[in-house]
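My entries follow in the order I made them.

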Amino acid sequence: MKYRIKKETKPKLPTYGKYKAVAVHEQTITSEQIIQEAAELHILSEGVITAVVMRLSEVINRHLRNGDRVRLRDWGLMKLEIESDKVDNLRDFRAKKHIRGVRLHFIPESNDGTQALYDGITFKKDVSL
């Protein structure tokens, strides 16, 4: 996994001005590419895998939007979390005003304290810029 060193630029953070490693994402793999690779590994056709992926994403997204956690065996747990401003008084809170957004949290499957998703990751500094 490639990384770059970046300076923290958010003045409100206690780490402002300090340096940190951030992941470099060189490409985005599409669902079509994943389907094609999966079809090459199995006897199922791309059409069948596409249908499964489409239905699976519809069901997972519906559950996440309904506030459910979704656990996929051998992969991990997904859930949506709300990001909101803090208010001093409970009565002052207004969803439209104070909720800034929603973020997807993914927690990899863990067996005996190890997470297979992270097995074999090595780090290499990105030299392109």
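I began with M78, which I found in strand β4. The model is a predicted one, and I read every entry here with that in mind.

Is M78 buried or exposed? I looked up its relative accessible area and got 8%. The cut-off for buried is under 20%, so M78 counts as buried.

Next I listed what M78 touches, leaving aside neighbours within four places in sequence. The contacts are I60, L64, D68, R69, V70, L72, L104, H105 and F106. I then checked one of these, L104, by its C-alpha atom. L104 lies 26 residues from M78 along the chain, and the two C-alpha atoms are separated by 6.9 Å.

I moved on to D74, in the loop between β3 (70-72) and β4 (76-84). I noted its phi, near 65 degrees. That is a positive value, and D74 is not a glycine. For D74 I recorded a relative accessible area of 66%. Exposed means over 50%, so D74 is exposed.

Then I looked up D126, which sits in the segment after β6 (124-125). Its relative accessibility is 7%, and D126 therefore counts as buried. Which side chain makes a polar contact with that of D126? I found R4, at 2.7 Å. With residues up to four places away in sequence not counted, D126 touches K2, Y3, R4, V24 and E26.

My last entry is on the helix pair α1 and α2. Helix α1 covers residues 31-41 and helix α2 covers residues 46-65. I read off that their axes come within 9 Å and cross at roughly 130 degrees. That angle makes α1 oblique to α2. I also noted the hand of the crossing of α1 and α2, which is right-handed.

Which residues of α1 and α2 meet? From α1 I listed I35, Q36, A38 and A39. From α2 I listed E46, I49, T50 and V53. I sorted the residues of this contact by type and got five nonpolar, two polar and one charged.

Notes
Residues numbered from 1 in each chain as written. Predicted model: local features only at pLDDT ≥ 70, side-chain atom pairs only at ≥ 80, totals over all residues. Heavy atoms only, no water. Axes fitted to C-alpha atoms, helices over the stretch in contact; angles between N-to-C directions. Helix = DSSP H or I, 4+ residues; strand = E, 2+ residues; numbered from the N terminus. Parallel < 35°, antiparallel > 145°, perpendicular 65-115°, else oblique. Left-handed = near helix turned anticlockwise from the far one by under 90°. Contact = heavy atoms within 4.5 Å. Nonpolar A, V, L, I, M, F, W, Y, C, P; charged D, E, K, R; others polar. Buried < 20%, exposed > 50% of the residue type's maximum accessible area, 1.4 Å probe, protein only. Polar contact = N/O pair within 3.5 Å; in protein donor to acceptor, adjacent residues only side chain to side chain.
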